[in-house]
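Colleague: Could you take me through one part of this model in some detail? I'd like to look at where the two chains meet.

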Protein chains: 2
Amino acid sequence: MIKATVYVTIKQSVLDPQGVAVQGALHSMGFAEVDSVRIGKYLELTLDTSDKKEAEERVKVMCEKLLANTVVEDYRFELEG
Amino acid sequence: MIKATVYVTIKQSVLDPQGVAVQGALHSMGFAEVDSVRIGKYLELTLDTSDKKEAEERVKVMCEKLLANTVVEDYRFELEG
């Protein structure tokens with residue numbers, strides 16, 4: 001079993017309306033020190049394999065094809081186990 | 001400036017329908033090795049402060065009050081800078 005942790009974030013040059021909304025909400029709650037908020041996705045996948053090299057390639061394809069929209073999002077992942 | 005990275009995940013005992021849907025999609029794309037998928041949120045906050053101790057307490061309150069629904073979600077965060 002390999003555990004893959006995938007982080008999908010919106011590219012720096014792309015506006016993040018959800019983050020802007022959360023920042024506004026935090027400000028109105030009194031957290032004036034919050035300068036910016038960017039929101040992404042965090043995915044935990046368990047893979048029924050023990051071949052780490054192959055898993056790395058496969059997870060990369062999963063990210064490119066489904067998990068991230070590479071036009072506006074970046075992704076990175078870590079494998080363990 | 002302190003950068004806070006917040007991870008919000010659905011509690012293990014709670015069903016994650018979004019994760020189940022992504023797992024199904026990955027299976028139908030030929031990634032049969034994917035055993036389970038859990039999806040959470042990943043937030044990057046920049047805080048206009050240099051007091052790390054205070055920032056830690058403030059981010060905890062932000063998580064409890066807005067960023068995580070502690071009934072069904074867990075959270076953890078890291079501070080740097």
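Modeller: Here is a walk through the contact between chain B and chain A. Bear in mind that this is a predicted model, where local features need pLDDT of at least 70 and side-chain atom pairs count only at pLDDT 80 or more, while totals for chains, interfaces and linings use all residues. Residues are numbered from 1 along each chain as its sequence is written, chains are lettered from A and ligands numbered from 1 in the order in which they are written, and side-chain values use heavy atoms, with hydrogens and water left out.

Now the contact itself. Counting heavy atoms within 4.5 Å, 33 residues of chain B touch 33 residues of chain A. The copies meet through the same surface, because 100% of chain B's interface residues are also interface residues in chain A. Together the chains bury about 3,000 Å², with 63% of that on carbon and sulfur atoms (accessible area lost on being put together, 1.4 Å probe, summed over both parts).

As for salt bridges (a side-chain nitrogen of Lys or Arg within 4 Å of a carboxyl oxygen of Asp or Glu), there are two across this interface, and the structure holds two over all chains. In one, Arg58(B) pairs with Glu33(A), the closest N and O atoms being 2.7 Å apart. That pair runs from helix α2 of chain B to the loop between α1 (17-28) and β2 of chain A. Glu33(B) and Arg58(A) also meet through their side chains, at 2.7 Å, N to O.

On chain B's side, β1 (2-10), α1 (17-28), β2 (34-47) and α2 (52-67) each give two or more residues (helices being DSSP runs of H or I, at least four residues, and strands runs of E, at least two). The largest share, 14 residues, is from β2(B).

That strand also pairs with β2 (residues 34-47) of chain A, antiparallel and over 13 bridges (pairing takes at least two DSSP bridges). Within it, Val37(B) sits opposite Leu45(A).

Note on methods: Buried area = accessible area lost by both parts, 1.4 Å probe.
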